[in-house]
Amino acid sequence: QRDPAAEAAALGHIAAWAVQFTPAVSLQPPRGLLLEVEGSLRLLGGIGKILDAVKRGVADMGYTVSVACAPTAAAAWLLARGGAERVFAGSRAIREAISPLPVRVLDCDVQTLETLSAIGVRSLGELLDLPRDGVARRFGQRVLDQLDRALGLLPEARVFFTAPPRFDAALELAAGVASAEVLLFPAKRLLTQLAGYLAARCAGVQRFRLTLEHEDAPETALEIGLATPSRDAGRFLILARERLAATSLPARSPPVRSNASAIESRTTDRARILPCTQ
C-alpha cells in the first residue's frame, strides 16, 4: 500500500542529494523535483553531463526517473510528467514542445479532464487553440495559468528546498534476509544519498555507521572508518562490502531495514550517531 509519509521522505532524500548540482532545488510533490541548473552549466560541464549524473545517481538510489529540460520549470515539468525526455533552449520552442503532450499532464481534477475529453481536446496543443475566454469560463483560470507559466508568460514563484543540517537516512526492506551480503544493494542506495549530501556541502566524513535493525534481536551496528575524509560513494561501498561480508546476522532474526548515519563536517574525526526512527 502507498505510504504518503514514506514517499515524502524519499522525495526529501533525493532533493538533499540533488543540491550538489544546484542550490535552487524545489519539491514538486508527490513525485517530482525542479532544478534550476543554468548557473551550474559551466561549472559542471554542460547540461548533458548534469543530466547523465542525475540519471545515474537516481538509479543508484533505486528509483526510476523521467528528466526534461526547458527554459521554464513548468514546461520541463509537463514534459517530464508526460514522459517526453527532451532538452531544449529558447522560449519560442516551448509551445511546439508541449503541444503534443496529453492534457492529463496538467494538474486538473478528474471532471475537468473528462470534460476536455468529451469535447475532443486530448492534447495541450488542442487546448491552446481554444479561445482563452471560453477556457477560463468553463474550466477556470487555473488551467490557463499552468499553460502561461509553461510558456513563460507568467512568473513562477517557487520555494527552494533546504537540506537538513545532519544526514540520517533509513530504508525499509521489502522482505527479511538471512545474509548480510544481500544488504549491499540497499546499502548502496543509502551511501549514494550520503555522497550527494556531502558533495552539496563540499564536505566529507571519516567515519559512518551502518545499522541493521532486526525483528526480535538487538540491532547490528557496523562502524566503518576511512583513513582520510571522503565523499566518494564507490569508496564507501567497497568498505561496506568488506564489513557486510564478515558480518553474521542473528539466527531467526532477519533485518527489516538498514540505516546509514553520518555528519557533514570534513574536519571531525568521529561520526555523530543519529537515531533511526520508525
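Start by selecting Ala18: leaving aside residues up to four places away in sequence, Ala18 touches Val25 and Leu35. Contact here means heavy atoms within 4.5 Å. This is a predicted model, where local features need pLDDT of at least 70, side-chain atom pairs count only at pLDDT 80 or more, and totals for chains, interfaces and linings use all residues. Residues are numbered from 1 along each chain as its sequence is written, and side-chain values use heavy atoms, with hydrogens and water left out.

**Stop 1: around Ala18**

Show helix 1, residues 4-18; Ala18 lies in it. Helices (H or I, at least four residues) and strands (E, at least two) are DSSP runs, numbered from the N terminus. Is Ala18 buried or exposed? Ala18 counts as buried, because its relative accessibility is 3%. The cut-offs are under 20% relative accessible area for buried, over 50% for exposed, and partly exposed in between (1.4 Å probe, protein chains only). From C-alpha to C-alpha, Ala18 and Ala163 are 10.0 Å apart in space, and 145 residues apart in sequence.

**Stop 2: Thr112**

Move to helix 6, residues 110-118, and pick Thr112. Thr112 has a relative accessible area of 10%, so Thr112 is buried. Which residues does Thr112 touch, not counting residues up to four places away in sequence? Select Phe139 and Val143.

**Stop 3: charges over rings**

Select Arg189 and Tyr63. The charged end of Arg189 sits over the Tyr63 ring, 5.2 Å from the centre of that ring. The test asks for NZ of Lys or CZ of Arg within 6 Å of the ring centre and within 35 degrees of the ring normal. Next, take Arg201 and Tyr197. Arg201 lies over the face of Tyr197, 3.8 Å from the ring centre.

**Stop 4: cysteines**

Select Cys108 and Cys202. Cys108 is buried, because its relative accessible area is 17%. Cys202 is exposed, because its relative accessible area is 56%.

**Last stop: the whole protein**

Zoom out and switch to cartoon. The protein has 11 helices and six strands. Of its 278 residues, 44% count as buried. Among contacts between residues at least 6 apart in sequence, 56% join residues at least 24 apart.
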